[in-house]
Amino acid sequence: MSDLIKTFSGKAAIVTGGTRGIGRAICLELGRRGCNVAFNYAQSVEAANTLRDELTNLNVESFAAQVDVANTEAVGGFVKEIKNKFGRIDFLINNAGITRDNLILRMKEDDWDAVLDTNLKGAWNFSRAAIRFMLKQEAGGVILNITSISGTNGIAGQSNYSASKAGMIGLTKALAREVASRNVRVNALALGMIATDMTGALDDAYRAKILEQIPLGRFAQPEEIANIACFMASDAAAYITGQVIQIDGGMAM
Ligand code: NAP
C-alpha cells in the first residue's frame, strides 16, 4: 500500500461497533490511512480478532473490547484505556446501532429502551468520554455520528429507531456548538440503504420496493461510507461542523 495515502499516520481513532458492516469498513479504511484504531462490539469476539489481525497487517496498532455502548461506566473505562494506550484520541465515530422495528401499537417498551439506549445514549456516552481528552489536545478532534434518513424523514415501523437517529442529529448540532472554539468538529452522516447485515434480512419484495425509491438504483457498499467518513475526519473537511451529510443515493432528497 502506498505511503501517499497514509494521511492519518500517528493519529488514533475510536469506532463503536467495529466488528461488522459499516463500522468494520471504517476501521479498515482508517487503518489503510495509517491511523491506530480502537473499536468495541457487543458479542462478535471472533470477528473482532479477525479485524485486529487485518489492522496489524496494515501496520497500525489496534485495541478492541466487548463493551456495551449503553454502559456509561464501562465506556468511560474503555475510552480512558484507549487514551493511555495511544496517547491521544483524534477521531470518534459513533457507529454502533441496532433496529427493533414494529408498528407502535405492537412495539414493546423493551424495544424502545434497547434502541434508544444503544443508538442515542451510546453516542452520548462515547462523546462525553472522548471529548474530555480531545478538548485538552492542541490538535482538537473530530466526532462523526452515523445516523439515518429514518431520523431525518421518519420511517413507519421505526418510531424507536427514527427517534434515536433524530436524537443523534440534535446531539451533533448541540455538541458542535459547544466545542467548536476548541477545534473539535462534530458532524453526522445520514445514511440511506447500505448493504450490511442490518439490511440483509429484508425480504425480496420489500427490497424491490425500496430499490424503486433510490434514484441511483442500488444499495451502497460499506466501503463507500468509510471513504466519506475518512474525508469528514480529514483536514480537507476542516471547515465543516454541525452538519448532517446525506448519503442515500438520492432516496430522501
Ligand atoms: P450491523 O452490520 O448490524 O453492525 C452493527 C455493529 O454494532 C456490530 O459491530 C455490533 O457488534 C455493534 N453493536 C450493536 N449493538 C452494540 C452495543 N450495544 N454495544 C456495542 N456494539 C454494538 O450494522 P450496520 O448496518 O453496519 O450499521 C452501522 C450504523 O449505521 C448503525 O448505527 C446503523 O443504524 C447505521 N445505518 C445503517 C444503515 C444500513 O442500511 N445498513 C442505514 C442507515 C444507518 P456485534 O458484531 O458484536 O453484534
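## Second largest pocket

The second largest pocket has a volume of about 290 Å³. A pocket here is an open set of points on a 1 Å grid over the protein atoms alone, with protein on both sides within 12 Å along at least five of seven lines. Lining residues have an atom within 4 Å of a point. Volume is the space filled by probe spheres set on the points, which are joined across faces, edges and corners. The lining holds 16 residues; closest to the pocket centre are Val142, Arg185, Ala233, Ser234 and Asp235. By class, the lining splits into six nonpolar, five polar and five charged residues. Ala, Val, Leu, Ile, Met, Phe, Trp, Tyr, Cys and Pro count as nonpolar; Asp, Glu, Lys and Arg count as charged; the others, Gly among them, count as polar.

## Basis of the model

This is a predicted model, in which local features need pLDDT of at least 70 and side-chain atom pairs count only at pLDDT 80 or more, while totals for chains, interfaces and linings use all residues. Residues are numbered from 1 along each chain as its sequence is written, and side-chain values use heavy atoms, with hydrogens and water left out.

## Ligand site

The ligand is surrounded by 32 residues, and the closest are Gln43, Ser44, Asn95, Tyr161 and Thr196. The shell divides into 13 nonpolar, 15 polar and four charged residues.

Alone, the ligand exposes 910 Å², and the protein buries 95% of that. These areas come from the Shrake-Rupley method with a 1.4 Å probe. Elements giving two or more residues to the shell are α1 (21-32), β2 (36-41), β5 (141-148), α6 (159-179) and α7 (197-200). Helices (H or I, at least four residues) and strands (E, at least two) are DSSP runs, numbered from the N terminus.

## Cavity

The whole structure has one cavity of 30 Å³ or more. In a cavity, a 1.4 Å probe fits but cannot get out. The largest cavity holds about 40 Å³ of space. Its lining consists of Thr16, Val69, Asn94, Ala96, Thr118, Asn119, Gly122, Ala123 and Met168. Helix α4 gives the most to this lining, with four residues. The lining has four nonpolar, five polar and no charged residues.

Met232 sits in helix α9 (residues 222-233). Met232 counts as buried (under 20% relative accessible area) because its relative accessibility is 2%. Met232 and Arg185 are 47 residues apart in sequence, yet their C-alpha atoms are 9.4 Å apart.

Phe133 belongs to helix α4 (residues 109-134). At 14% relative accessibility, Phe133 is also buried.

## Positive phi

Most residues other than glycine have a negative phi. Asn59 has a positive phi of about 65°. Asn59 lies in the loop between α2 (45-57) and β3 (62-66). Its relative accessible area is 71%, so Asn59 is exposed (over 50%).

Asn183 also has a positive phi of about 65°. Asn183 is in the loop between α6 and β6 (184-191). At 44% relative accessibility, Asn183 is partly exposed (between the 20% and 50% limits).

How values were computed
Near = heavy atom within 4 Å. Buried < 20%, exposed > 50% of the residue type's maximum accessible area, 1.4 Å probe, protein only.
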